[in-house]
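Grab a pencil and work through the exercises below. Try each one yourself before you read its solution.

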Amino acid sequence: MVLNQVRAVFFDLDNTLIDTAGASRKGMLEVIKLLQSKYHYKEEAKTICDKVQVKLSKECFHPSSTCITDLRTLHWEEAIQETKGGAANRILAEECYFLWKSTRLQHMILAEDVKAMLTELRKEVRLLLLTNGDCQTQREKIEACACQSYFDAIVVGGEQKEEKPSPSIFYYCCSLLGVQPGDCVMVGDTLETDIQGGLNAGLKATVWINKNGIMPLKSSPMPHYIISSVLELPAVLQSIDCTVNMSA
């Protein structure tokens, strides 16, 4: 494989290397079973989980003011109270949260074909994991999927001054690996953070993983390459020329 001066590849974690969304859905299903069988919340169980999912999607986390466990337990507490009424039930909220979290982590696995791809790529380029999010949450995922040995460095946004798409975190990653932004490729599933960040930092190329075949908005950042699975990345790396065509 000739990689045309690509010296490093930065990978996002969630829904790029591991199926975080799928793991989360499995966690929600376990909570629904618990609420229906133990607490006899028949129709309400799914409503509660749907409400929590919405709260997670809108989550604004500030580690200086709270911890992620308290914040996410509160999501469950509020969802239960909004659905069932009555007094807040912190104990049930904690039970739901920890069941969802533990189930989710159990299903966060690095697939064998992804492991094989990373192993082969690392023979030719340096690999770095670059993930946004709360440091506790992301470190737990990294531990759960046991991906540490496949990377030369791991950077968690919640441990830095700024997260993706800020150029600063990309420059920090470059300094860790001893490479220049123009030597690097960013791979991820989120246009607003992974792709915009790679563009902001002037990386050699950005690769967007578009699993669902959705059409991005015209106002969205434009990736250099679009693939439907991270397993298509080696072929993309082979095709990257010394000069990246911005309209590719």
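**Exercise 1.** Which residues in H3 meet which residues in H4? Then work out how the two helices cross.

*Solution.* Keep in mind that you're looking at a predicted model.

Step 1: From H3, the list is Thr-69, Asp-70, Arg-72, Thr-73, Leu-74, Trp-76, Glu-77 and Ile-80. Facing them in H4 are Arg-90, Leu-92, Ala-93, Glu-94, Cys-96, Tyr-97, Phe-98, Trp-100 and Arg-104.

Step 2: Sort the residues of this contact by type, and you get 9 nonpolar, 2 polar and 6 charged.

Step 3: Now the geometry. The axes of H3 (residues 68-84) and H4 (residues 90-106) come within 8 Å, crossing at roughly 120°. That angle makes H3 oblique to H4. The crossing itself is right-handed.

**Exercise 2.** In what order do the strands form the open sheet? Find the edges too.

*Solution.*

Step 1: The order is S3-S2-S1-S4-S5-S6, with parallel pairing.

Step 2: S3 (153-156) and S6 (225-227) each have a single partner strand, so one side of each has no neighbour in the sheet.

Step 3: On average, neighbouring strands are turned by 20° against each other, ignoring direction.

**Exercise 3.** Which helix lies across S4 and S5?

*Solution.*

Step 1: Start with the strands: 4 bridges join S4 (residues 184-188) to S5 (residues 205-209). Val-185 stands opposite Ala-205 in S5.

Step 2: The helix is H8 (residues 191-200), running at about 170° to S5.

**Exercise 4.** Where does pLDDT stay under 50?

*Solution.* Look at residues 242-248. The chain as a whole averages a pLDDT of 93.

Technical notes. Residues are numbered from 1 along each chain as its sequence is written. This is a predicted model: local features need pLDDT of at least 70, side-chain atom pairs count only at pLDDT 80 or more; totals for chains, interfaces and linings use all residues. Side-chain values use heavy atoms; hydrogens and water are left out. pLDDT is the predictor's confidence in each residue, from 0 to 100. Contact means heavy atoms within 4.5 Å. Two strands pair if DSSP finds at least two bridges between them. Axes are lines fitted to C-alpha atoms, for helices over the stretch in contact, and angles run from 0 to 180 degrees between N-to-C directions. Angles under 35 degrees count as roughly parallel, over 145 as roughly antiparallel, 65 to 115 as roughly perpendicular and the rest as oblique. A crossing is left-handed if the near helix is turned anticlockwise from the far one by less than a right angle, and right-handed if clockwise. Ala, Val, Leu, Ile, Met, Phe, Trp, Tyr, Cys and Pro count as nonpolar, Asp, Glu, Lys and Arg as charged, and the others, Gly among them, as polar.
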